[in-house]
Amino acid sequence: MDGTLSCNGKIPTSAIETLKGLKHQEDILILSTGRCLGQLKEVYDLIPFDGAITNNGAYICYNEEELDSTPISKEMISEFIQCDLCTAVLTKDEYGVLNPKEDILQLFCSYFHIPLPKVVELQSLGPVYSLGVYALDSIEEYIQKFSSLHFIKVNPYGYDVILKGVSKGKGIEVFRKKFPNHKFYGFGDNFNDIEMLDRVDISIVMGTAPMEVKAHATYVTKDPLEDGIQYAVKEILKI
């Protein structure tokens, strides 16, 4: 999603038209993202996705059907927030923050061009599938302490956090079981895409991606704002 389909908060018209064209020829479109479903309404209004791998693989759905979900226990989250880090929580539909620290939160959200989350109470929420942890200083001691959690650096100001064993790659395996005769193409640009890129048949990485991510690509396309998705589909994949 961010940095692949959209850039600077905008989805290029060329990407919208290209993906709609794939849908018209009866390809299945799956959105894979660290966001939750509640953050994707505007995207769904533009592009008719059939399903989604959200919360970095912790919540997976096809149309209105839940295919798989892996929540983080609220007991673990309660323990984690004692660390006094700026911590966001993502349910299926909601992005909220438990202990806001305005400066770092503003930096993180501005980087991805997303609205600031509202302050929420943990016990009032439904199942929580992923966390966001935002800090300027190292959080290595907390990464070591919470060994059952997987921390993925997504920008200079923060991490996506899911249970170990969960990934976008797991989402690909869920969809492979549902559509065993299909060939899977995956687009990505960041470290939380690596497991997905390794599990699809053909992986396409955006030109803006770090070199460590490009190492997992079958092909590297142009930057998102240089019509990278359209270029990959028409010029590289010939579909």
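The model is predicted, so to speak in its own terms: local features need pLDDT of at least 70, side-chain atom pairs count only at pLDDT 80 or more, and totals for chains, interfaces and linings use all residues. Residues are numbered from 1 along each chain as its sequence is written, and side-chain values use heavy atoms, with hydrogens and water left out.

Start with the six-stranded sheet. It is open, with mixed pairing, and the order is β7-β6-β5-β8-β10-β9. Strands here are DSSP runs of E with at least two residues, helices are runs of H or I with at least four, and both are numbered from the N terminus. Two strands pair if DSSP finds at least two bridges between them. At the edges are β7 (118–119) and β9 (149–155), each pairing on one side only. Inside the order, β5 (residues 86–90) meets β6 (residues 95–97) in the antiparallel sense, over three bridges. There, L90 is opposite Y95 of β6.

Helix α4 (residues 102–112) packs on this sheet and touches β5, β6, β8 (130–134), β9 and β10 (158–163). Contact means heavy atoms within 4.5 Å. The direction of α4 makes about 65° with that of β9. Axes are lines fitted to C-alpha atoms, for helices over the stretch in contact, and angles between N-to-C directions run from 0 to 180 degrees.

Now the other sheet. Three strands, β11-β12-β13, form an open sheet with parallel pairing. The edge strands β11 (185–188) and β13 (219–220) have a single partner each, so one side of each has no neighbour in the sheet. Four bridges link β11 to β12 (residues 202–205), and G186 has S203 as its bridge partner in β12. Helix α9 (residues 228–236) lies across β11, β12 and β13, at about 145° to β11.
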